[in-house]
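Welcome, and please have your viewer ready. We will go from stop to stop, with something to select at each one.

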Amino acid sequence: MSRASGVLTDAVRQAASRSVLCWLATVDAQGQPNVSPKEVWAIADDRHVVVANIASPVTVRNIAQQPQVCLSFVDVLVQKGFKLTGTARELLPSDADYAGWAASLLAMTGDRIPLRSVLLITVQGVQPIVAPSYWLFPQTTTEAAQIEAARRTYGLGD
Ligand SMILES: Cc1cc2nc3c(=O)[nH]c(=O)nc-3n(C[C@H](O)[C@H](O)[C@H](O)COP(=O)(O)O)c2cc1C
């Protein structure tokens, strides 16, 4: 049975767990885009993603001006992932609901890395991201073949 009734289905959750990094895109009041990688992030429930603000001043400033965001992630070996769109707001440690949203991020960082705040994204849209080979060459492109090719590209052993 699927855990999720919202947009963040089990398939999205599983892909997220296999993708180390996500890329969070924001825009400022003048329309200047900004995108940066985040490694401490999690799907919190079927509609929300949380991202740790450890060292993301531009992202935080942009969200305060313009809450629309786009967050994408791919499993670099399978070469599939998702693009999520929605709105974000910053939660500070002094906010009443901070502890609940921060919990999964703090489980990743422990005491080692301090969190300045949590970026809480309410997801409205979900689009799959798929390497073009899957639809350009459907007869020969399998997940196993893509993993093998990606391992060669990145110089990874077995
Ligand atoms: C692999 C990698 C993972 C990162 N993960 C995070 C993260 O989880 N949270 C964070 O705030 N910064 C993280 N950073 C650092 C930010 O991406 C970096 O400070 C960036 O310049 C912030 O830009 P911004 O102010 O535009 O958000 C990471 C950087 C790298 C290279």
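The tour visits a strand and its partners, then the ligand, then a loop residue.

Before selecting anything, note that this is a predicted model, in which local features need pLDDT of at least 70, side-chain atom pairs count only at pLDDT 80 or more, and totals for chains, interfaces and linings use all residues. Numbering starts from 1 along each chain, as its sequence is written.

Look for A42 opposite V50 in β4, then follow the four-residue hairpin that links β3 to β4.

Next, select β7, residues 117-130: six bridges pair it with β4, again antiparallel. Here H48 faces T122 in β7.

Move on to the ligand. Its shell holds 15 residues, the closest being S36, V40, S56, V58 and T59 (a C-beta atom placed from the backbone must lie within 6 Å). β2 (33-38) gives the most, four residues, while β4 and α2 (57-65) each supply at least two.

Finally, pick Q79, in the loop between β5 (68-75) and β6 (80-91). Q79 counts as buried because it has 20 C-beta neighbours inside 10 Å. Its phi is positive, near 65°, although Q79 is not glycine. Most residues other than glycine have a negative phi.

Terms used: Buried ≥ 20, exposed ≤ 12 C-beta atoms within 10 Å, placed from the backbone. Pairing = 2+ DSSP bridges.
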